[in-house]
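Here is a short briefing on one protein model. Look over the sequence and the structure first, then read the points below.

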Amino acid sequence: MAGDLVPALGIAVASIAFAPIMQAANAGLTIVVESLIGCAIVLAAPAYAPSIAVFIIFFQNLFVSILSSYIATEQEMDFVKGYNFLICAVMWLVTLALYLLRERRHSAEIDRIMRWGLMTLAVVGVYFLLGATQDAHASLVYLRNIAFPLFLFQLSLLTAATFEIRITPFLVAVAILLIVCGYVELLFRDFWLTITNGYTFWHFDELKATRSGSWEAEMRQTGNVPVDLIDRFRFSFLNSPLFEDLGLSSILRIFGPNMSPISFGYGIAFSVLFLFAVGYRWLALAAIPLLVFCSVKGALVLVIFVALAWTATWLFGATITLAVALVGLVVYAIAAIHIGLQIGDFHVIGFMGGWDGFRQNPIGRGLGVGGNLSEGYFTIDWNAAQAAGTMDGAVESAVGVLLYQMGIGAVVPLGFFFAMALKAWRLYAASGILTQGLAAFGTMVVLVNGIFQEEALFAPPALGLLLGLTGLVIGHHLRTQGDDLKVTDR
């Protein structure tokens, strides 16, 4: 295990740890260096590429926070945060180039999956070009959001289909690191902020929120006026008024090493399920309190849904479980939309805005048009939107945003992701390997969560991480057809 774990961790840390210092010295040089690191990983240590992608998704912002004193402006801070995408995109691009140049030959099934994936990227690219003529920056951000999960899937698929990957020790180590960081933050908040230089890091976020108007908009929506930094970490439990009668109107949320409660929540949810699947069940149970204190509805739903699907498959068989699961997801979506409209939930209203926008223009408007990055986001009259049950535009809902921006074209990325989940399910139905079930059912429920969260589809630790696992289990199976070795042993 150490022979696989130590080099992967060492390369992962080296690849991202010093980006803030290099950025302070020379931004152009940093881009070149980080790009070369991505190329070198794929060419010299290709089997580690998926592991490194997972690590930098979760821990890049920890290094950014520790070294944030070297950063001068909030714009520079945002730029530094983008290096994890740069490295992953370069690793994907080099891996794809080697595949297209036939340096690494694969089966007809791999070719078929890759063709459909590249066609999906092409469709997204068309809508990017359409949106770029109206708002180039917002269009580019949404292109990154939609393409990143697909990059992680294809990188993992091609790597696992080519090399023997022992990724389980690495994912267990990452899960342990996440759990340790979570408990340190939960129990010793001031100590955590001190050792991570968190006060400096969050100061940049405050400047950005103040100048953009998002802080003012948030205070208008919630009625909460933060007095100090700790107050910024207080949220209503599960970000919902439904729990106020239970005395859970406020909870001190955990943000984790990636400095985002939703991303960290999905990371902990994945860790709980993965640790349980590979036999570390007491450790998985130890992580559950962190899931509660992240206070992320979608992450809790992910754990509950996958656990029920595993159990139902054992009791009733794979086919019946899939049918019941799909019906259950539809009922969950309908019920959540109905309840959300009754209580004026912003995410549901944002989805309804996307749905109404889709009905008005089924072709779509282009990436970046509407959504949380639109110019009118901070001037939304939420009282009027709650009264109407809809709004002009689509916010706080990834599926709503996709429908609004891509119209009928949104079916292409959503359909591709769902098709890959079904492919992982077929492997699970034949083998019973829990990690394959996690990849299948986890991807399905996160796609539905995308109706109620932007981050469910657009935050890499959510859909991106699950699609990365999906690529690993599919690629491993296609490489070892006829071999009964399990992906969890690799």
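A residue counts as buried when its relative accessible area is under 20%, as exposed when that area is over 50%, and as partly exposed in between. The model is predicted. By that cut-off Ser271 is buried, because its relative accessible area is 4%.

**Ser271**
- Ser271 sits in helix H13, which spans residues 261-277.
- Setting aside neighbours within four places in sequence, Ser271 touches Ala175 and Leu178.

**Cysteines**
- The whole structure was searched for disulfides, and 0 were found.
- Cys39 has 25% relative accessibility, so Cys39 is partly exposed.
- Cys181 has 12% relative accessibility, so Cys181 is buried.

**Aromatic rings**
- There are 16 aromatic pairs in the structure.
- One of them joins Phe201 and Trp202.
- Trp355 and Phe358 make a tilted pair, with centres 5.5 Å apart and planes at 35 degrees.
- Trp355 and Phe358 are 3 residues apart in helix H17, so about one helical turn separates them.
- Trp355 is partly exposed, with a relative accessible area of 35%. Phe358 is buried, at 15% relative accessibility.
- Phe85, Trp92, Phe148 and Phe151 come together in one aromatic cluster.

**The second largest pocket**
- Rolling a probe the size of a water molecule over the atoms shows where empty space is left.
- The second largest pocket has a volume of about 540 Å³.
- Its lining holds 20 residues. Val399, Leu414, Leu447, Val448 and Ile451 lie nearest the centre of the pocket.
- Five helices are the elements that each give two or more residues to this lining: H16 (318-343), H17 (346-360), H19 (398-406), H20 (411-431) and H21 (434-449).
- Which helix gives the most to the lining of the second largest pocket? Helix H16 does, with 5 residues.
- The lining of this pocket divides into 19 nonpolar residues, 1 polar residue and no charged ones.

Notes: Residues are numbered from 1 along each chain as its sequence is written. This is a predicted model: local features need pLDDT of at least 70, side-chain atom pairs count only at pLDDT 80 or more; totals for chains, interfaces and linings use all residues. Side-chain values use heavy atoms; hydrogens and water are left out. A disulfide is a pair of cysteine sulfur atoms within 2.5 Å. Buried means under 20% relative accessible area, exposed over 50%, partly exposed in between (1.4 Å probe, protein chains only). On a 1 Å grid over the protein atoms alone, a cavity is a set of points where a 1.4 Å probe fits but cannot get out, and a pocket is an open set with protein on both sides within 12 Å along at least five of seven lines; lining residues have an atom within 4 Å of a point. Grid points are joined across faces, edges and corners, and a volume is the space filled by probe spheres set on the points. Helices (H or I, at least four residues) and strands (E, at least two) are DSSP runs, numbered from the N terminus. Ala, Val, Leu, Ile, Met, Phe, Trp, Tyr, Cys and Pro count as nonpolar, Asp, Glu, Lys and Arg as charged, and the others, Gly among them, as polar. Contact means heavy atoms within 4.5 Å. Rings of Phe, Tyr and Trp (its six-membered ring) pair if their centres lie within 6.5 Å; planes under 30 degrees apart count as stacked, over 60 as edge-to-face and the rest as tilted.
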